[in-house]
Amino acid sequence: MTTIKPLLTDLACTLNHVPSNFIRPIDDRPNLEFQSSTNDSIPIIDLHGLEDDDSNRCQIIQSIAQACQNYGFFQIVNHGVPEEVVDNMVNVSKEFFNLPESERMKNYSDDPLKTTRLSTSFNLRTENISNWRDFLRLHCHPLEDYVHEWPSNPPSFREDVAEYSKEMRKLALRLVEAISESLGLEKNYINKAIGKHGQHMAINYYPPCPEPELTYGLPAHADPNVITILLQNDVPGLQVLKDAKWVTVSPVPNTFIVNIGDQIQVISNDKYKSVLHRALVNSEKERMSIPTFYCPSPDAIMKPAPQLINSDHPAQYIDFTYDDYYKTFWNGGLSKQTCLHMFNA
Ligand SMILES: O=C(O)CCC(=O)C(=O)O
C-alpha cells in the first residue's frame with residue numbers, strides 16, 4: 001500500500017523523477033541553460049545615510065526611484081539588521097524543516113486564510129499543477145496576536161522569529177517612507193494609506209529536485225502586498241522579469257532583496273510596476289528563502305494617490321479594499337499577470 005505524503009520535503013528524497021502533477025507544459029518550463037549564461041542583475045542600494053538629513057538621503061531616494069521604475073526590485077546593503085538576528089532566523093528555519101514529519105505536520109493546513117500554517121505548493125484547493133515547495137506561513141504583526149500560534153519546536157523558534165519580525169518591521173517602515181518620498185509624496189503618505197498594516201512571513205523550503213528543468217519552486221507571479229523583503233540562502237533560484245528576459249538574482253551575503261508589490265503600483269498610479277518573479281529549483285541543493293510581506297490592513301481602501309492623478313495620467317484603478325484584492329489573489333492562483341487588471345478604472 002502506498003502512503004500519501006502531504007509534504008514535498010518527505011516525498012522528494014524518495015524520488016528519481018518529478019511526478020506528473022509537478023510537470024509544466026513544454027512552453028512554460030524554466031530555461032536552465034540561459035540561467036547560467038546571464039550576468040545581468042538588479043541594482044544594489046546602500047542604505048547607509050538614509051536617516052541623515054543631507055545629500056545622502058536624496059541620493060538614496062533617487063536610486064530607489066530609479067530601481068522601482070526600471071526593475072521593481074533592488075537589493076539593499078547596510079540595512080541595519082544585526083547579522084546575529086538573520087543567522088538565528090536562518091538556522092531555526094533549517095532546524096524546523098529538519099524536524100520529523102510528524103512534528104512538522106502539527107502545523108499543517110491547506111486553508112490559505114489560516115494565520116499560521118505549514119503547507120506545500122501554493123494553493124492546493126485551486127491549482128492544477130503543483131510547485132516544488134513546502135512553506136511555513138506566519139502572520140507577524142501585531143506579534144502578540146500571533147506568536148502563541150507559531151510552532152513551539154525548535155524551542156527557540158518563537159524567540160528567533162519574533163526578533164527577526166521586529167527587525168523586518170522597522171526596515172519595512174523605513175523603506176516605505178523612502179518609497180513614498182521617491183514618488184514625490186509625503187514621507188508618511190503610504191503608511192497612512194495602508195491603515196493598521198499587517199506583516200506576514202513565509203519560510204520557503206525547496207528540496208533538491210531530480211528534474212529541475214520540468215518544474216518551478218514558484219512560477220511567475222507578482223506580490224499582492226505593499227513591499228516584500230526577501231532573504232535567500234546561498235543557493236540561487238530567484239529570477240526577475242526585466243525587458244521580457246528572466247534575470248537571476250545571485251545571492252549576495254548580508255543583503256536583502258526588496259520588491260514593490262501590487263499596492264505600490266496602485267498608489268503610484270502605475271509609475272512603479274509590481275514585477276513578475278519566479279523561483280527555480282536545484283538538482284543537488286536545498287534552497288530556502290524567507291520573504292516578509294508588508295501589507296495594508298484588510299479594510300484599507302486602496303486607490304491611486306490623488307497627487308499622482310492628472311489629465312496625462314488619469315486614475316488607473318477603482319477604489320477597492322485590500323481584503324477583496326487579497327482573496328482574489330489567493331483564489332486566482334499564481335499566474336503570469338497580476339490581479340490588477342480586475343481593478344482597473
Ligand atoms: O524563493 C524566492 O526567491 C521567491 C519567493 C517568492 O516569490 C514568494 O514567496 O512569493
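Author: Among contacts in the protein between residues at least 6 apart in sequence, 77% join residues at least 24 apart. Two residues are in contact here if their C-beta atoms, placed from the backbone, lie within 7 Å. The model is a predicted one: local features need pLDDT of at least 70, side-chain atom pairs count only at pLDDT 80 or more, and totals for chains, interfaces and linings use all residues. Residues are numbered from 1 along each chain as its sequence is written.

Reader: Why is the protein called as compact as a globular protein of its length?

Author: The protein has ten helices and 14 strands, where helices (H or I, at least four residues) and strands (E, at least two) are DSSP runs, numbered from the N terminus. Its radius of gyration is 20 Å, close to the 20 Å that the globule rule gives for 345 residues, so the description applies. The radius is taken over C-alpha atoms, and the rule is 2.2 Å times the number of residues to the power 0.38.

Reader: Why is Lys-327 called partly exposed?

Author: A residue is buried if 20 or more other C-beta atoms, placed from the backbone, lie within 10 Å of its own, exposed if 12 or fewer, and partly exposed in between. Lys-327 has 16 C-beta neighbours inside 10 Å and therefore counts as partly exposed. This residue is found in helix α10 (residues 322–332).

Reader: What makes β12 mostly covered?

Author: Eight of the nine residues of β12 are buried. Across the protein, buried residues make up 41% of the 345 residues.

Reader: How do you know that β12 pairs with β5 and with β7?

Author: Two strands pair if DSSP finds at least two bridges between them. β5 and β12 have seven bridges, in the antiparallel sense, and β7 and β12 have six, also antiparallel. Thr-292 in β12 stands opposite Met-201 and is the bridge partner of Ile-229.
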